[in-house]
Each structure stands twice: as structure tokens, then as C-alpha cells.
Number of protein chains: 2
Amino acid sequence: MIRFYNGKILTLANGFDITDGEVWVERDKIFFVGDPSDNELRASSFEKEINLDGNLLMPSFKNSHTHSAMTFLRSYADDMPLQDWLTKQVFPMEAKLKGEHIYAYTKLAILEYLSSGITASFDMYFKLDDYVKANIDAGFRTVICSSTNDFGGSPEQDEEDFLKFNGISPLISYKFGCHAEYTTKSDTIKGIAKLCQKYKEPFYSHNSETKREVLECIDRYNKTPTEFFNDLGLYEYGGGGFHCVYFSENDLKIFKEKGLWAITNPGSNTKLASGIADISKMLDMGVNIAIGTDGAASNNALDMFREMYLATGLQKLKYMDASICSADDVLYMATVGSARAMGLFDCDTIEVGKQADLIVIDLNKPNMQPVHNITKNIVFSGSKQNVKLTMCAGKILYKDGVYYLDETESDIYKRANDMLKDF
Amino acid sequence: MIRFYNGKILTLANGFDITDGEVWVERDKIFFVGDPSDNELRASSFEKEINLDGNLLMPSFKNSHTHSAMTFLRSYADDMPLQDWLTKQVFPMEAKLKGEHIYAYTKLAILEYLSSGITASFDMYFKLDDYVKANIDAGFRTVICSSTNDFGGSPEQDEEDFLKFNGISPLISYKFGCHAEYTTKSDTIKGIAKLCQKYKEPFYSHNSETKREVLECIDRYNKTPTEFFNDLGLYEYGGGGFHCVYFSENDLKIFKEKGLWAITNPGSNTKLASGIADISKMLDMGVNIAIGTDGAASNNALDMFREMYLATGLQKLKYMDASICSADDVLYMATVGSARAMGLFDCDTIEVGKQADLIVIDLNKPNMQPVHNITKNIVFSGSKQNVKLTMCAGKILYKDGVYYLDETESDIYKRANDMLKDF
């Protein structure tokens, strides 16, 4: 058992109160939260005792939309219009990707996730065997979202993957989805709808990332992407959309009624000049919101602190109202919200019996001082520098800048650079 | 002499090329840059030799607009409308500030600056003796900008401060200015104009931060703040403005013609919902641009990586064009631009004879990998985590997360928190 003591605890199980206390971790689960009695302490044996020195233990961040292996394109093509970026840079480079590349660049992304306090990704890409191996080898949690579209994948393949990857490891799960309406024939999407019905499973896709995407869908079907998916019965068992920048009133109503997750990616929407999702209206309506980084090709950082800051900051600019979209709301989206968006209902809070997916935030850094309000400090001035420890499924994978993985940091960097010659 | 070897060097003296090489520092100055011969090496004696391990040495960031001691209000009042924030929270708290508070909270700000690779601040606040002492004690460079307004300061006081603080230490200098047009009587501003003429000195102020500020000035004088200052002859010897969000075509023309510095503060303008300065148009017109963090009460982080990202990212959103405002342009604003904006012409680049105000960027972190393009990596995915070393005037003040100041980090935090009871 691992004992964290002498710390502050933000459980996020009931609001945003922070209390002094301890957290004990037994194998992959949280075993105790609170203020132990002398008897409880005497009755326990600890393989490791970690003095938190007054720092904050809280649920880890979950990255609810990303393409991990796209780290291979970080800073390869920037400051370009979206269409040129996709057709001239991204697609030709992706065509050269082999399984070994997926493995190598996923490992690189995992290093960055851990340094930002992220313990799980909701990932949409391809060559899933190699992707899954990278996550299992690193001890990192991931939920695969099918990226089926007209250039790869099929409902048959999705069903096979669904049965294969759910249960392959406690760290891995698989959800049905398609890349997007505009990249996928309606027959294929109907095939996926049948799977969602058959297995009573949710459905996810890129949704309304750009205005053009929505207008083209209306041209094709006289419906928005959300209406189109909804009318096909894809949302009967929940799910959500990535980006959700150009949502109509009716789209928001569907998301609210079906309990779908609007997964916002403010960094990517900024860098690609896509626009600002209407998080404020979603909050007002009670739509479920989660936060993802998107891939490193478009963001370019895989940094939840940046995403949280942008999630609130861009709303203030959008509405020219400094009082909009509070820090606490955003912190909840990046932790509990993102976990639930991807179906990780046992990884969302610090409570007994939940998975030990947690982080320690270093409050003894200048950007966390003085201590008027810890959660505001985290959202408005926090950075990767404040991540002191990242634990996934009860295993410490990152602590004080050092990684505890199956490979060294420098080996991962060397391979990532050596492989650039393949593109 | 300190020798940095086995590194990559970005001098910013001639474009953005990065070369392998060495940098030697003698006392407070750069003594050598390049690839030394065996003879040169044999003829030199080094008190310290630092292996850069392939990391990047470059000019430090300069923070060209801030109120350092406002760290005392970080996360005290957020998510509030601007007017409530100022009148109900900031002003009543500031009225209680004593010299000891200015000293303590400036020290806290300096810790944060150093962790973000910033070695100089252009600071506007009050109780200058205590402020100056904090900077000298820490070994940090600062340029004071007068904050004279109707509630404190006067041209007479400014002249006294100008003569007192210029020359008090190589780390300290002083520039004429006023808080803003809307807070300062025209007679006072005219008095400052006489000082600028008498000493052939530039003039700085908050300028066009909000639309309301500009409209009120037009009501009063039938001129924008920039036109008003310009017509009073305040810009005959240069200077600049902080924020510059609501600039007219004519304001931009004046800035261009007079070689003035538009000092942008995108983080503060986001958090306070002030708007997005038109950096892209300024770039097109060849207006001088620099970047500042503003104070921690409004930003809340004193983090140049965040400011650089926002400087380019918000332009992409403003123009809905992903190709606008390149990473190199922004990196230049935050280093060379900011140094020159505040008159630090000997602290701007890595060249022999310049002040040794420099940083080492850790490239061996996941967010800097793979290495397609280092400057894009710094601007689009860089973070405080990548600052390996910060040197000001030839002294290492921060290295591998450890501070080398006259006080310990924990003493500065403790005092900053203990003093909260005074407010």
C-alpha cells in the first residue's frame, strides 16, 4: 500500500472543498481518504510513504480528445491555412506511417501527458495493435475511439476491434465512432449505428469543428451533423462530439436531452483558426462538457493547463465579459467531466474504491503563491511545472521530473528523431 | 569566466538561424560566441564550465509591461466584471500596501519571472525605494516606468525619481510616463511632456486598453489617447503604450512614424475581456511590438510562454486565418522587441559585449520533441518546464529548478502568505 500524507486533498466528489488529509492506494485502487486514526495507521503496512509537504493531491486530468501519435508532426507545418495544412502536409505524411511509428510517437505523447498530469486519453487514430501496445507498455490508460471513414475502417472491423480491445487489459477500452460526417459515407455510419444498438454503446465523432463542415452536411442531408447522427439513432446510448464549435440551438438541445458530451478543444480551434465553442451557453443549459488537447500536429502542446486556461479565457473574450466561465467549472471539465465523457466512471474522483488515477500539484512554486484560492491558481496560473507526481492505476509513472516507464525518456526522444527520416 | 559549451545557440542578432557553438560570459557581459579554436580555449581560464547537452542558449525574455508587486492579489478576485474588479477589489486592497509589502510581493514576482526565463521587467507601480531594493537584492534587472496620476505622483516627483534611480545600480533604470490619460489631469501630463523634452527621454503609458477609455478621451479632447499624447509632444523622443487594443488607423500611423513600441498584453486582455490587439496589422505596417504579462492580479500568470502563445493564437482567431502571425515574429517580440521597448539596447541579443541576460531552453522534454523546428516548438508548445537556466547580468539566478537569490524560495512564500493578514 502507498500512503500519501501531510497534504491537501481535493476529491471533486462533492464540490471544490479542499481538506487536509491522507490518501492510501492499494494496488490500482484508492483504499482510504481522510484523517486516519492511530489504530487505522497501526493496522496498516505501507510499502511506500510519500510526504506531500502540504501540496495538493487531486484527480488526474483526462484528455478526452486526441490523436497521440500525431506528435510526429509537431511544428512540422504551422502558420498555414487549414486546407493546405491537411491536404499538403498532414495526409501525405500520414500515408507513410507504419506500426512502429505509431508505437514510437504514442510513447512520446505519453511522456508529455504525464508531465501535464494527464493519465488517460480518448484517442482516435489507426494501427490499433501498435497503439495499444505502447499504452500497455507505458502503463498508461486509453480509450480508443474508432476513426472509421471512407479511407479506412468499416463497421465489420469496428465490431472486431470492439470485441478484441475491450478486455485486453484493464488499461484499455474501445468505443464506437467514426471520424466525422464529412469523411464517412452514410451507409458506413448506418452500419455503426447498428453496432451501437446491438451492444447498447455510445457513439462519438468529430462534430461541427468548422462552419464549412456544418454547411456541407446541411447541403447533403438538410440536417446538421448532430441532427443527422441523432436521426440515425446513434445517440440512443449516449456518446458525444469532438470540437462542437458550430452548434445550433437544436444541436445543443439534442446534446442536453441525450446527455451527450461536448468535448472542447480550445487550443486546436485557436491554432487552426476554427473558432470558439460556446462553452458558456453549454454551461447555462447544463450540457455535459469535457476537454481534450487534440493532436500535437494542430495544437501543438498536449498540455491540460493551457486547455483549461483557454477554455475559460476565450469565453471571456467571446462574450466580452470577465465574469463568465469560472475556474471551478473548467477544472471539473478537465478531470471528472473528461473521465465520464470517455466512460471512465471509476477514474473520476478521489474516493474509496475508485481507480488510483491521481496527481500531486506542487503549491510551492511562485505561480501558486500566495494562496488566496488554490483552484483559481491552478486554472489561471498553473503550468506543467506544478505537476509533482502523476499516478495511473496505482503506479507512479512520473515524479519530480523523472519518468518510471519501460523505456528511458532519452531512448524515446532518440527514436522519435531517428524515425523522421522515414517521412 | 563562465563557459557554456556543447549547445545550440540562437543569437537573434541576424534572423532565426540556430548554430552549434559556445558562449563565454565574463562578469556581466558576453565575451565570446561561436566555435573556439584550441588556442582560444587554452588561453582562457573558466571558473565554471556548463555542458549544455545539446540544449538551446538564447536571449532571455524581457517583460515589457507589468506591476510586479500585484502578485499579492493573484486569484483574489477573478471571474468578475472589470469595473467591479477595479473599484471593489483592487483599489481598496492597494490602499493598504506598505513598503514592506511591495518588497515581499516583488520578490515573489521575480521568482516567477526567473522560472519563465524572464530577466527584466518594465514595471509601473509605487513605493519605488522598496521596489528597487527588492530587485537589487535579487540581482534582477528592472526599468521603472512612472505611474503618475491624479491619485499619486507629480512631474516634480518624477524628475527627482528620474535623477535618483538612473545610475543607482547597473540593474535599475527609470523612464518617464503616466498611468493613463483617463487617470491623469492634462496639466500633469503637460508637466511630464516638459520633462521628456528637457531630458530628451521617451514617454510611456497605458494606452487604449478598453473601448470606453478611448471614447471618453475623444469626448474630452476630440482626440484618441495616442493623438492627445502626440500633440503634447510626448513622443518626440520615442516611447510606447501598454495594451494598445483599440487603436485607430491614425494611432497606428503615429506609432509607426515615431518608432513607438506597442506593448501587447494578451493574457491580461483575455482575462479582463478587454479585447484582442491588432498585432497582425501592426506587423504588416512595421510598427514595433513588444510583449508584457501585465500584473498577476489580472493575468494571473507571469509566464512569457503563455503570452507568446496567446499573441499568435488570438490573431489566428481574430482573423480566422491559421497562417497569420508567425512563431518567429512572436519570439522576437518577447526577446529583442521587449528589451528595446524598455531601452535595454545592450540586453537584446547574444553578441560579444552585450549584457549576459540569457536562458537555456531544455529541448530534452517531450513538448520539444521531435525537432522539426525549435522556434516553433518554443512558441507553440513551450512552457516554463523548458527553462533550464536563467542568467541576469552574468549571474545564474535559476538553474534546474533551484533559485540562487539572497533569500530562500520558501522564506519568500512564507512571508507572502503571512502578510495576507494585512489586507
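I looked up the handedness of the crossing of α5(A) and α6(A) and found it right-handed, which is the term when the near helix is turned clockwise from the far one by less than a right angle. The model is predicted, so I note that local features need pLDDT of at least 70 and side-chain atom pairs count only at pLDDT 80 or more, while totals for chains, interfaces and linings use all residues. Residues are numbered from 1 along each chain as its sequence is written, and chains are lettered from A and ligands numbered from 1 in the order in which they are written.

Helix α5 (residues 155-165) of chain A packs against helix α6 (residues 186-199) of chain A at an angle of about 30°, the axes being 9 Å apart; axes are lines fitted to C-alpha atoms, for helices over the stretch in contact, and angles run from 0 to 180 degrees between N-to-C directions. Helices are DSSP runs (H or I, at least four residues), and strands are too (E, at least two), numbered from the N terminus. The pair α5(A) and α6(A) is therefore roughly parallel, a label for angles under 35 degrees.

I then checked chain A against chain B, where the contact takes 51 residues from each of chain A and chain B, with contact meaning C-beta atoms, placed from the backbone, within 7 Å. Among the elements of chain A that each supply at least two residues to this side are α2 (82-94), α3 (99-115) and α12 (304-319).

Last, I looked at the domains of chain A, assigned as domain 1 (2-59 + 353-403) and domain 2 (62-341), with bounds from an automatic or database domain assignment. Their centres, taken over C-alpha atoms, are 29 Å apart.

Key. Parallel < 35°, antiparallel > 145°, perpendicular 65-115°, else oblique. Contact = placed C-beta atoms within 7 Å.
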